Amino acid sequence: MAAMFGSGLSNQAGAAVGSLAFPVLGPLGVVAVRQYVAALVLVAVGRPRPRDFTWRQWWPVLLLAVVFGTMNLTLYTAIDRVGLGLAVTLEFLGPLTVALAASRRRLDAGCALLAAAGVVVLMRPRPSADYAGMAPGLVAAGCWAAYILLNREVGHRIPGAQGPAAAAGVSALVFLPVGAVVAVRHPPTAGALLCAVVAGALSSAVPYLADLLTLRKVPAQTFGLFMSVNPVLAAAVGWVVLGQSLGAPEWAGMGAVVAANAVSLASR
């Protein structure tokens with residue numbers, strides 16, 4: 001339980017710290033640094049041997065690399081515009097959709113309706129609604145769903161953590177020229193660069209190692225159920241670290257999404 005809570009808290013704290021570098025590096029620059037840190041950690045742990053990969057193994061790895069970068073970029077873009085709590089709640093729809101999609105139970109259908117109602121509340125039409133900020137959050141949700149499915153496929157085809165490590169390495173290579181352009185156009189300060197590196201460590205290295213340890217100890221269902229706390233942690237961290245507060249409708253919509261996931265998994 002401590003490892004799971006620490007993983008979630010570290011992930012959201014990393015996102016909050018990374019957003020502090022947005023005024024200097026922008027979301028694109030922060031994501032580039034995060035990809036570099038993630039690659040260093042995953043390659044060191046997974047120790048991939050890409051020369052041994054066949055094309056049947058390579059193509060899901062390449063797709064996973066695209067998903068890695070796109071998921072982080074769209075999430076950080078959403079955080080920049082609509083805040084940490086709302087952005088993570090929208091992203092959380094990805095794994096929730098995967099969990100509910102294959103089910104034929106009436107209870108899960110009800111959970112899907114509850115989650116949909118929560119999203120309607122979160123995205124309710126009003127003059128101040130930032131749909132341009134919410135849209136990247138929904139794209140991040142689709143990427144997270146694709147990440148789950150691709151990670152499963154990569155795990156079947158490549159032993160150990162070599163597949164995700166190779167995907168992280170490819171994603172980092174793609175972001176090398178991106179980081180160079182950002183550095184030239186927006187010269188990083190030491191503080192901004194430090195925030196981006198800390199974000200990469202807290203949101204990539206710590207959760208990966210903690211989750212690796214946790215999944216050896218607890219069932220996958222328990223792990224998935226505990227993931228429901230992430231939007232709440234994101235809202236709490238956004239309030240404490242960034243001063244981002246949510247109103248009663250936002251808390252209600254977030255609660256509906258979290259409850260839908262919790263009820264669906266707890267009843268299995």
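**A chat about helices, cores and charged pairs**

Author: Happy to! Let's begin with helix H4, whose buried residues are Leu84, Gly85, Leu86, Ala87, Val88, Thr89, Leu90 and Glu91. Keep in mind that this is a predicted model.

Reader: Good to know. How many of the eight residues of helix H4 are buried, then?

Author: Eight of the eight. Helix H4 covers residues 84-91, and because those residues are buried, the helix is largely enclosed by the rest of the structure.

Reader: And which residues touch the most other members of the largest nonpolar core?

Author: That core has 65 residues, and the ones touching the most other members are Val30, Leu75, Tyr76, Ile79, Leu84, Leu93 and Leu96. Helix H3, residues 55-82, gives the most to this core, with eleven residues.

Reader: Why would they gather like that?

Author: In soluble globular proteins, nonpolar side chains tend to be buried together.

Reader: Can we zoom in on one? What does tyrosine 76 touch?

Author: Not counting residues up to four places away in sequence, tyrosine 76 touches Gly14, Ala15, Phe22, Pro27, Val30, Val31, Arg34, Ala199 and Ser203.

Reader: Which side chain does glutamine 35 have a polar contact with?

Author: Serine 171: a polar contact of 2.6 Å joins the two side chains. Beyond four places in sequence, glutamine 35 is also in contact with residues including Phe68, Asn72 and Phe175.

Reader: What about alanine 168, where is that found?

Author: Alanine 168 is in helix H8, residues 162-185. Alanine 168 is buried, with a relative accessible area of 4%. Setting aside neighbours within four places in sequence, alanine 168 is in contact with Ala38, Ala39, Leu42 and Phe68.

Reader: How far apart are the C-alpha atoms of alanine 168 and leucine 42?

Author: They are separated by 6.9 Å, although the two residues are 126 residues apart along the chain.

Reader: New topic! How many salt bridges does the structure hold?

Author: Three. In one of them, aspartate 130 pairs with arginine 81, with the closest N and O atoms 3.0 Å apart. Aspartate 130 lies in the loop between helices H6 and H7 and arginine 81 in helix H3, so the pair ties together parts that are 49 residues apart in sequence.

Reader: And the salt bridge between arginine 157 and glutamate 153, what is its N to O distance?

Author: That one is 2.6 Å, N to O. Because arginine 157 and glutamate 153 are four residues apart in helix H7, about one helical turn separates them. Arginine 157 is buried at 16% relative accessible area, while glutamate 153 is partly exposed at 28%.

Reader: Which side chain meets arginine 49 in a salt bridge?

Author: Aspartate 52 does, at 3.5 Å, N to O. Arginine 49 counts as partly exposed at 48% relative accessibility, and aspartate 52 counts as exposed at 52%.

Reader: Last one: which residues make the nonpolar surface patch?

Author: Leu20, Trp239, Val240 and Val241 make a nonpolar surface patch of about 440 Å². Tryptophan 239 belongs to helix H11, residues 230-242, and counts as exposed because its relative accessibility is 58%.

Methods
Residues are numbered from 1 along each chain as its sequence is written. This is a predicted model: local features need pLDDT of at least 70, side-chain atom pairs count only at pLDDT 80 or more; totals for chains, interfaces and linings use all residues. Side-chain values use heavy atoms; hydrogens and water are left out. A polar contact is a pair of N or O atoms within 3.5 Å; within protein, one must be able to donate a hydrogen and the other to accept it, and residues adjacent in sequence count only if both atoms are side-chain atoms. Contact means heavy atoms within 4.5 Å. A nonpolar core is a set of buried Ala, Val, Leu, Ile, Met, Phe, Trp, Tyr and Cys residues joined through side-chain atoms within 4.5 Å. Buried means under 20% relative accessible area, exposed over 50%, partly exposed in between (1.4 Å probe, protein chains only). Helices (H or I, at least four residues) and strands (E, at least two) are DSSP runs, numbered from the N terminus. Patches are made of residues with over 30% relative accessible area and no salt bridge: like charges are joined within 9 Å, nonpolar side chains (Val, Leu, Ile, Met, Phe, Trp, Tyr) within 5 Å. Accessible areas come from the Shrake-Rupley method with a 1.4 Å probe; for residues, only the protein chains shown count as cover. A salt bridge is a side-chain nitrogen of Lys or Arg within 4 Å of a carboxyl oxygen of Asp or Glu.
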